[in-house]
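Dear colleague,

Please find below the structure that I am handing over to you. The findings on one of its interfaces follow directly after it.

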Amino acid sequence: MTENTSKNIKFTCRDVRVSYSGKEAVKGIDIEIADRSVTAFIGPSGCGKSSFLRVFNRMNDTIPGCAVTGDIRMDGEDIYAPGLDPVLLRARVGMVFQKPNPFPKSIYDNVAYGPRIHGLAESKADLDEIVHNSLKRAGLWDEVKDRLKDSGTGLSGGQQQRLVIARAIAVSPEVILMDEPASALDPIATAKLEVLIEELKEKFCIVIVTHSMAQAARISQKTAFFHMGDLVEYDETDQIFTNPAELRTQDYIMGRTG
Amino acid sequence: MANQPSIHAGVRALARLKKRRRSEAIFRAFGIAAIVFAMCALAWLLGSIIGTGYKAFYQHSLTLEVELTESILAPNGSRDPDTLRRANYRRIMQEAMFTRFPDIEGLSSADQRAAKRQNFDIMSTSGGPNYIRQMVFKDPAMVGQTITVRIPTSDIVDQYLKGNLNVDVPEVQRKISDRQIAWVKTLRQSGEIKAGFNKRLLFSTDSRDPELAGIASSFVGSLMTMFVTFLLAFPVGVGAAIWLDEFAPKNKAVDFIEININNLAAVPSIVFGLLGLAVLLNWAGMPRSAPIVGGIVLALRTFPTIIIATRSALRAVPPSIRDGALSVGASHVQAVFHHKLPMAAPGILTGSIIGMAQALGETAPLLMIGMVAFLTEIPSSLTEPATALPVQIYLWSDSAEQAWSERTSAAIIILLMVLVTMNGIAIWLRSRLEKRW
Ligand SMILES: Nc1ncnc2c1ncn2[C@@H]1O[C@H](COP(=O)(O)OP(=O)(O)OP(=O)(O)O)[C@@H](O)[C@H]1O
Ligand SMILES: [Mg+2]
C-alpha cells in the first residue's frame, strides 16, 4: 500500500460482526472506505446495511442487545477502543436517517444545537455564522432565511432532510453517514439532495445506504453490495454496475433478486 | 365466455354489507347512549350541588342600633382589657333587641322571658355579641355611645328567609316561632334585615354556628398540604421515572421496583394514612394534624401517579428524536434533558396536576393522621394543626342543621372550582409548551 492511498482511506474494517441478542446480522466484513468520496451500500432488505452503517458512529451501542466485534479504525485509530468516548466520535461522524427527524425546535436551534453542546461558538455572532454557513451548505438557506424562528418540523419532507444535514454539518464532522436519506422524498427533492451530496463529498467522507441503483450509480465512487450479512462485492461503482464480478451482484442489479 | 359476476356484487354481498352496517349502527348507538348517560349523571350531580350550594353564597344580616351601656360593660368605670374581655356583651345585644321591639314589655312576665329569648335568637347569638366585643376591644372609647352595627341573623332566620323551612306545621314542630316570624317580617320590610354576599363563607374560619362558619382555615390547610405534596412528589416522581426509563440497568431488582411502583398506585389511600400514623407520628414523633405530615402522606400517594404519567410521556417521544440528538454528539443525559424531557413536559405536567388534584380531594388519609382539627384560626405554619377542604366538607356534611347542608354543597362547589382551575392551568401549560415547538 502506498503512502498516497493509505492517506485517502478513512475507515478500515477487519472482520466486523454485528449481532442482535446473539443473532448475527453482519457476518465478518472487511472493507476500506475512502475519504472525500461517496461510498454506496446496496443490497436487499434485511441484509445488514443499516446495522453495518451504524458501526461507524457507534449508534449500535444505543440499541439494547446489540453487540459489535472486529477491528474498526478511523484514520488508523480504533474507534471501539475502551478509552474512546462515543460522544466525541459522533461529533466527528454525523448521521442522517431515513426519516427526517428534526428536533421540535426552531430551524435555528436545530442547527445550533450541535455547536452549542460542543461549545464550538465563542459568541452569538459565531453561532449565527455557523448556522448560516451550515444551512447554506445544505442548500436550505434561501428557503428558510426569513423564518429561522419557525419550527423545524413545519418544513416539507425534503426541506427537513436538508435541515437535518445542516444540523449534521454544523458540528464540522469528517464523515456523514446517510441511511436511505431520499426514500421519503419526491424526485425533485431527491435531485436536490443528490446535488448536495455531490458538493459535500468535496469536504466529507460520505457513506450512503440506498435502495435506488440509479442513485448509487449517479452519486457514488465506490459501491458495496451486501447480501445476508456478507459483503459480496466491493468495487468502483462503474465496475459494479457495468461488469460485476459476482453473479449475485448482477442478479440484484438487474432486479432478479432482492 | 360467461361474464363472472364480482364477489362484491349481488344479493349475498348486499346481505353481508347490511349485517356489517347493522353491527356498526348498534355499536354507535351504545356509544351515544353511554355518553348521554354520563352527561346526565354529571348534570344531575352538578345541578343538585349547585342547586343547594348557591344559597350559601348569600346570607341575611340585621342592622341594629346598639347602646354600649357603661353600667353593663364597665360598671366600675375602668377600661382595662380584662374587664372589657369579660363584660356581658350578650346582655348588651339582648337590650338592643329589646329596645327595637319594646312591645315585649306589655307581655305577662312568664311570656316575657320566652319572648325576650326568641327576640334575641333572631340574630346570631354568638356572632352578635362577639362582633361588639371586638369593636369595643379595639376602641374602648366607644363605651357609653350608641352605634349602628350590621350582624348576621341566626341560621334559622336565614333559612326561613331563604324558604328552606317548612312553616305550614304547628308552631311546636318548627324551629321558628310565630312571634319570630312576625318580627322578621317587620325587619325585612323596613330593610333592617337584608340579604348580601356571604363573605364569611370564604374568609372566615370554621365555627360551631353555621352562620359564622367559613372555609378559610381548611382552604389554607389544603394549600399548605398541597405545597408539601408537590415539593416532595414532583421532583422525586419525575426523577425516579427518568432514571427508571433511561438509566436503570436491566435486572431483576429494577423489574421488582417497577412492579412495586405500579402496585403502589393501586394501594387504597387510607393505607398511606395508616403508614403516616404509624411511622411519621408514632415513630418519628412528628406533630399531629400538621400539614407537613399530611403533605408527606399525600406525596406517597401521588408520586406513583406522577411516575406513571412521566414514564408514559417519555415513551411517547419518538425514538428518532433521541437518535437525532445522539447523532450530533449529545450524551445520553443531554439527549434526555434537552429533547425528551421538554417534549414530554406537557404530559408530565398534565399527569402531575391530575395527581395533585386527586391528592387535593383525599380525605381518608388525612383523617388517619388527625387533620380534622376544629380550627377557629388560620394555620400559619406547616407544623401547626390544620385541616383540609375535603375534611371540612366531610365534617360539615355530618352536621344536622339545615344550614350546614347548603354550606357543604358550597364548599364542594369551591373545591370543584379549584380542581377545574388546576385542570385549566394544565391545559394552558400544555398549549403554551406545545406552541414553542
Ligand atoms: N434493533 C434490532 N433488533 C433486533 N434485530 C435487528 C435490529 N435491527 C436490525 N435487526 C436485524 O438485523 C438484520 C439486518 O437489519 P438491517 O436493518 O441492518 O437491514 P437493512 O439492510 O438496513 O435493511 P433495509 O434495507 O430494509 O433497511 C435483520 O435481520 C433485522 O431483523
Ligand atoms: Mg436499513
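Between domain 1 of chain B and domain 2 of chain B there are 4 residue pairs in polar contact, with both residues of each pair at pLDDT 80 or more. Please note that the model is a predicted one. On the side of domain 1 of chain B that touches domain 2 of chain B, helix α7 (residues 155-161) of chain B supplies the largest share, namely 3 residues. That side of domain 1 of chain B is made up of 1 nonpolar, 3 polar and 3 charged residues.

The interface of these two domains also holds 1 salt bridge. A salt bridge links Lys162(B) to Glu406(B), and their closest N and O atoms lie 2.7 Å apart.

As to the extent of the interface, about 470 Å² is buried between domain 1 of chain B and domain 2 of chain B. Carbon and sulfur atoms account for 35% of this area. Within domain 1 of chain B, the residues that lose the most area to domain 2 of chain B are Asp155(B), Gln159(B) and Asn164(B), which together give 59% of what that side buries.

To their contact, domain 1 of chain B brings 7 residues and domain 2 of chain B brings 5 residues.

With kind regards

Notes
Residues are numbered from 1 along each chain as its sequence is written. Chains are lettered from A and ligands numbered from 1 in the order in which they are written. This is a predicted model: local features need pLDDT of at least 70, side-chain atom pairs count only at pLDDT 80 or more; totals for chains, interfaces and linings use all residues. Side-chain values use heavy atoms; hydrogens and water are left out. Contact means heavy atoms within 4.5 Å. Buried area is the accessible area (1.4 Å probe) that two parts lose on being put together, summed over both. A salt bridge is a side-chain nitrogen of Lys or Arg within 4 Å of a carboxyl oxygen of Asp or Glu. A polar contact is a pair of N or O atoms within 3.5 Å; within protein, one must be able to donate a hydrogen and the other to accept it, and residues adjacent in sequence count only if both atoms are side-chain atoms. Helices (H or I, at least four residues) and strands (E, at least two) are DSSP runs, numbered from the N terminus. Ala, Val, Leu, Ile, Met, Phe, Trp, Tyr, Cys and Pro count as nonpolar, Asp, Glu, Lys and Arg as charged, and the others, Gly among them, as polar.
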